[in-house]
Amino acid sequence: MSNKNILKDNVGKKAADLIKDGQIVGLGTGSTTHYFIRHLGERIKNEDLNILGIPTSYQSLIIAREAGINTTTLDEYDIDIAVDGADEVNQNLDLIKGGGAAHTLEKLVDSSAKEFVVIVDDSKMVRDLGEFPVPVEIIPEALRVVKKSLIDMGGKPELRMGVQKDGPVITDNGNFILDTKFEKIRNPQKLEKELNILPGVLENGIFTDLVDKVIVGSPSGIKEIDREDLI
Ligand SMILES: O=C(CO)[C@H](O)[C@H](O)COP(=O)(O)O
């Protein structure tokens, strides 16, 4: 396992150990949550726990099934705790997410949870958000219009293209992603709201005022940052 994957494995296990019997658990998307889901599956098997997962993507649904976690939906249950990864985390615990193009359902699931825990390696911790472009999910018909609005707002939008597919990435919801670079995002709350009122935009990857705890893995160990401890 690479050093980075060891860190992801460590934080995934730490988060899996937080889950209590009987809980409904939001299952985030990405390579770090992959470890979380696998560790949670092992705990369910070894300790005979009664836990249901609510996936945030087809990817997390498939990994949950492989890990032996039964799944349900937000229509059926409220979520006790959601665990998800992030692309950037600032000192106020605001996030950029959506590197896996799953941020729309992730925001719905993560914001619905009574407790939201983020797991990252230390390379994701930043002073100001914005080095990572903000993923903006748009309906395909809105491409030209929203692109222009994002440029007018000072962004540099790029249509996300497939790696093993010709043409644009199509999200789990059948939409496009405009990865939009903004230089140093000083007011993430404001930008999050401004992006979401553009007609044709479904959701953007800025997550503010949602996170309760961040578990950060580094070569020197695991650190937990709780919102209630922020000054
Ligand atoms: O937001 C996400 C998917 O939409 C991921 O949580 C985020 O991209 C981090 O992924 P990884 O753990 O693979 O670095």
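Author: What follows is a set of questions about a predicted model, each answered by setting a value against its criterion.

Reader: What makes Asp48 stand out in its phi?

Author: Most residues other than glycine have a negative phi. Asp48 is not a glycine, yet its phi is positive, about 55°. Asp48 belongs to the loop between α2 and β2. With 8 C-beta neighbours inside 10 Å, against a limit of 12, Asp48 is exposed.

Reader: Where is Lys184, and what is its phi?

Author: Lys184 lies in the loop between β10 and α6. Its phi is near 20°, a positive value in a residue other than glycine. Lys184 has 10 C-beta neighbours inside 10 Å, so it counts as exposed.

Reader: Why is α4 called largely enclosed?

Author: Count its residues. Seven of the 10 are buried, so the rest of the structure largely encloses α4. Buried here takes 20 or more other C-beta atoms within 10 Å. The buried residues of α4 are His103, Thr104, Leu105, Glu106, Lys107, Val109 and Asp110.

Reader: How do you know that β13 is largely enclosed?

Author: By the count of its buried residues. Five of the six residues of β13 are buried, so the rest of the structure largely encloses that strand.

Reader: What makes β7 and β13 a pair?

Author: A pair needs at least two bridges. Five bridges join β7 to β13, so the two strands qualify as a pair, and they run parallel. One of the contacts in this pairing sets Val117 against Lys213, its bridge partner in β13.

Reader: How do β13 and β14 pair, and what do they form?

Author: They pair in the antiparallel sense, over six bridges. Ser218 stands opposite Gly221 in β14. The two strands form a hairpin, with two residues between them.

Reader: Why are β5 and β12 said to stand at the edges of their sheet?

Author: Start with the order. Three strands form an open sheet, β5-β6-β12, with antiparallel pairing. β5 and β12 each have a single partner strand, so one side of each is left without a neighbour in the sheet.

Reader: How do you know that β6 and β12 pair?

Author: The bridges settle that. β6 and β12 share two bridges, in the antiparallel sense. At least two are needed, so the pair meets the criterion. In β12, Phe207 is the bridge partner of Leu95.

Reader: How does the length of α1 compare with what is expected?

Author: Helix α1 has 14 residues, 3–16. From first C-alpha to last α1 reaches 20 Å, close to the 20 Å expected at 1.5 Å a residue.

Reader: Which residues of α1 are buried, and what covers them?

Author: The buried residues are Leu7, Lys8, Val11, Gly12, Lys13, Ala15 and Ala16. The cover includes α2, β4, β7, β13 and β14.

Reader: How many residues surround the ligand, and which are the closest?

Author: The ligand is surrounded by 17 residues; the closest are Gly30, Thr32, Gly85, Gly99 and Gly100. By type, the shell divides into three nonpolar, 10 polar and four charged residues. Glycine counts as polar, so Gly30, Gly85, Gly99 and Gly100 go in that class.

Reader: What are the domains, and how far apart are their centres?

Author: The domain assignment gives domain 1 as 3–126 + 208–224 and domain 2 as 134–203. Their C-alpha centres lie 24 Å apart. The contact takes 12 residues from domain 1 and 14 residues from domain 2. On the domain 1 side, α4 gives the most, with four residues. That side divides into five nonpolar, five polar and two charged residues.

Conventions: Residues numbered from 1 in each chain as written. Predicted model: local features only at pLDDT ≥ 70, side-chain atom pairs only at ≥ 80, totals over all residues. Expected span 1.5 Å × (residues − 1). Contact = placed C-beta atoms within 7 Å. Near = placed C-beta within 6 Å. Domains from an automatic or database assignment.
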